[in-house]
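Trainee: I have a structure open and some questions about it. Can we go through them?

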Amino acid sequence: MRWLPSADLLSFDEIERVTRVFVSMGISKVRITGGEPLLRNGVEDLVKRIAGIAGLRSVDMTTNGWFLGDRAQALKAAGLRGVTVSLHSLRADRFARISGMNALPRVLESIAQAVRVGLRPLKINSVAIRGYNDDEILNLVDYARRLNVAIRFIEFMPLDGLDIWDRDKMVTGQEILDTVRTRHSILPAGRGNGETASIWKFADERGELGVITPMSEPFCDDCDRLRLTSDGKLLSCLFDTEYHDLKPILRNSDDDEKLAAFVREAVWKKPEGVGYMPWIKQGWKNPRNMNAIGG
């Protein structure tokens, strides 16, 4: 793990300023993610600042759940709407292998606490990887259904930063649906414009299933998302090879019109996306690490 110097990180004032510019240009939803956003001291204050921006419909968060239990109530009070927790296994040994510690009990308790304080929507995100957790798909579904929360399965993408991705390890969205159907009756609810997940409802109306298929069935054509890294880089696509650095403008100019123009230009340069990049589907030779660009 390579840690950035504090001086390289955007301040809360700078993040709030960028968000206000985004909202003035039509952005209506913000997700605070990482890496792990709850490692940032005082992130509750950032949530409160962003949630107070006029015109913004919602502020949500994606987290690994380690710190969530202790801070769920404060985050809710600050204005956080919902939370997505990454959970790739319900087996303690597997979870420990990927996290480096016996973290599963604490993460499960954090999820339960988030339910108790009313953070909604609450979603469980799981990356399906063949040979690692593909045998747990039904267990993860049943866990989410017991809590009456949404479960999202994401196809394994070449964004591990370790060059371990290959096509044979990827479990497609269709395979996931076929597995779920062996135990549950599910009904299609479609995919909203600009959304990443195709939604499926359970026949008993308990819980919700989503599959995110960037590799087998890309949704690039209506993607309207932007990512801002902790050190001020703007990405219009997870697979963008160009970083657009907002920090020089943020630190050397108080002209928000100039900042907006830079953002607009970056969006115009948005790449076609993974759906049109066969070299990524075959295996990106320079895999990017999601903990550096945001999940």
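Trainee: What should I know before reading any values?

Mentor: This is a predicted model, where local features need pLDDT of at least 70, side-chain atom pairs count only at pLDDT 80 or more, and totals for chains, interfaces and linings use all residues. Residues are numbered from 1 along each chain as its sequence is written, and side-chain values use heavy atoms, with hydrogens and water left out.

Trainee: How many helices and strands does the protein chain have?

Mentor: The chain has 11 helices and 11 strands. Helices (H or I, at least four residues) and strands (E, at least two) are DSSP runs, numbered from the N terminus.

Trainee: And what percentage of the residues count as buried?

Mentor: Of the 295 residues in the protein chain, 47% are buried. Buried means under 20% relative accessible area, exposed over 50%, and partly exposed in between, with a 1.4 Å probe and protein chains only.

Trainee: Moving on to α6. How many of its residues are buried?

Mentor: Eight of the 11 residues of α6 are buried, so this helix is largely enclosed by the rest of the structure. They are Ile137, Leu138, Leu140, Val141, Asp142, Tyr143, Ala144 and Arg145.

Trainee: What covers the buried residues of α6?

Mentor: The cover includes α5, α7 and the strands β4 (122-128), β5 (150-155) and β7 (197-202).

Trainee: At what angle do α6 and α7 cross?

Mentor: The axes of α6 (residues 137-147) and α7 (residues 173-181) cross at roughly 70° and come within 9 Å. That makes α6 roughly perpendicular to α7. Axes here are lines fitted to C-alpha atoms, for helices over the stretch in contact, and angles run from 0 to 180 degrees between N-to-C directions. Angles under 35 degrees count as roughly parallel, over 145 as roughly antiparallel, 65 to 115 as roughly perpendicular and the rest as oblique.

Trainee: Which residues make the contact?

Mentor: Ile137, Leu138 and Val141 of α6 meet Ile176, Thr179 and Val180 of α7, where contact means heavy atoms within 4.5 Å. By class, five of the residues in this contact are nonpolar, one is polar and none is charged. Ala, Val, Leu, Ile, Met, Phe, Trp, Tyr, Cys and Pro count as nonpolar, Asp, Glu, Lys and Arg as charged, and the others, Gly among them, as polar.

Trainee: What about α3 and α5, how far apart are their axes?

Mentor: The axes of α3 (residues 68-78) and α5 (residues 104-117) are 8 Å apart, at an angle of about 20°. That makes α3 roughly parallel to α5. Their contact is made by Leu68, Gly69, Asp70, Ala72, Gln73 and Lys76 of α3 with Arg106, Ser110, Gln113, Ala114 and Val117 of α5. By class, this contact has four nonpolar, four polar and three charged residues.

Trainee: New topic. How many disulfides are there?

Mentor: A search of the whole structure finds zero. A disulfide is a pair of cysteine sulfur atoms within 2.5 Å.
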